[in-house]
Amino acid sequence: MTPTTYSVHSTPIGDILLVHSPDGLVAAQVLHAPLDHVLEPLAHELRSIPRHDADAGQDAASQLDEYFAATRKDFDLTLDWQLANGFTASALKAVCEVPYGETASYAEVAALAGSPRAHRAVGTACRTTPFSVVVPVHRVVRADGSIGEYGGHPEIKRFLLDLESGAGE
């Protein structure tokens with residue numbers, strides 16, 4: 001069992017659960033449900049119950065603050081990919097190549113990931129990412145340019161895209 005810790009950080013899009021292992025950031029998830037409803041399935045996937053440690057996520061929290069202040073364009077965090085395997089991990093790593101302030105279609109990300117016909121699998125990877133905001137799945141849009149759902153919260157995706165485009169300035 002890998003020991004994991006968690007903290008919760010307040011952001012303009014809501015509280016974000018930050019889960020860490022000794023190998024890095026395991027998850028960064030916007031809390032759309034009570035904390036225990038999110039921690040329970042995570043603990044099952046991790047095969048360990050994360051313990052609360054307010055200091056564990058300080059670097060991630062600081063970088064999130066800088067991102068939301070529009071002073072950080074890329075995250076410099078060690079990611080522990082244990083919750084993303086196979087093509088999902090490949091797709092999410094490809095998403096990291098989409099530059100700040102730009103978007104790419106699911107098909108473009110599939111091509112970047114080496115599987116040009118896997119655009120639906122890219123959608124699944126984006127929907128199930130363990131790394132909200134930190135891995136910029138909000139930059140992936142539909143082929144027609146519409147932004148999509150972002151886990152049922154298109155208003156958050158719009159906020160992040162507007163932040164990156166400087167629309168709020």
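**Salt bridges, backbone and domains**

Mentor: Let's begin with a charged pair: the side chains of E66 and R72 meet in a salt bridge, 2.7 Å from N to O. Keep in mind that this is a predicted model.

Trainee: Which residue does R158 pair with?

Mentor: R158 forms a salt bridge with D162, and their closest N and O atoms are 3.3 Å apart.

Trainee: Where do R158 and D162 sit relative to one another in the helix?

Mentor: They are 4 residues apart in helix α6, which covers residues 154-165, so about one helical turn separates them. R158 is partly exposed at 37% relative accessibility, and D162 is partly exposed too, at 27%.

Trainee: Why would side chains like that pair up at all?

Mentor: Side chains of opposite charge can pair when their charged atoms come close.

Trainee: Switching to the backbone. What is the phi of R47?

Mentor: It's positive, about 60 degrees, although R47 is not a glycine. R47 is found in the loop between α1 (35-46) and β4 (51-52). The residue is exposed, with a relative accessible area of 66%.

Trainee: What about A70, what is its phi?

Mentor: A70 has a positive phi as well, near 65 degrees, and it isn't a glycine either. Look for A70 in the loop between α2 (58-68) and α3 (86-95). At 36% relative accessibility, A70 counts as partly exposed.

Trainee: Let's go to α3 then. Is L92 buried or exposed?

Mentor: L92, which lies in helix α3, is buried, with a relative accessible area of 0%.

Trainee: Which residues is L92 in contact with, leaving aside its neighbours within four places in sequence?

Mentor: Its contacts include W81, A84, A125, C126 and T129. P130, V135 and V137 are among them too. Separately, L92 and A113 are 21 residues apart in sequence, and their C-alpha atoms are 8.4 Å apart in space.

Trainee: OK, bigger picture. What are the domains?

Mentor: The domain assignment gives domain 1 as 5-69 and domain 2 as 86-165. Their C-alpha centres lie 20 Å apart.

Trainee: How many residues of domain 1 are in contact with domain 2?

Mentor: 13 residues of domain 1 are in contact with 13 residues of domain 2. The two domains bury about 1,100 Å² between them, with 72% of it on carbon and sulfur atoms.

Trainee: How many salt bridges are counted between domain 1 and domain 2?

Mentor: The count is 0. There are 5 residue pairs in polar contact across that interface, though.

Trainee: Which elements supply the side of domain 1 that touches domain 2?

Mentor: β3 (24-30) and α2 each supply at least two residues of it. β3 gives the most, with 6 residues.

Trainee: And what is that side of domain 1 like by class?

Mentor: The side that touches domain 2 has 11 nonpolar, 2 polar and no charged residues.

Technical notes:
Residues numbered from 1 in each chain as written. Predicted model: local features only at pLDDT ≥ 70, side-chain atom pairs only at ≥ 80, totals over all residues. Heavy atoms only, no water. Salt bridge = Lys/Arg side-chain N within 4 Å of Asp/Glu carboxyl O. Buried < 20%, exposed > 50% of the residue type's maximum accessible area, 1.4 Å probe, protein only. Contact = heavy atoms within 4.5 Å. Domains from an automatic or database assignment. Buried area = accessible area lost by both parts, 1.4 Å probe. Polar contact = N/O pair within 3.5 Å; in protein donor to acceptor, adjacent residues only side chain to side chain. Nonpolar A, V, L, I, M, F, W, Y, C, P; charged D, E, K, R; others polar.
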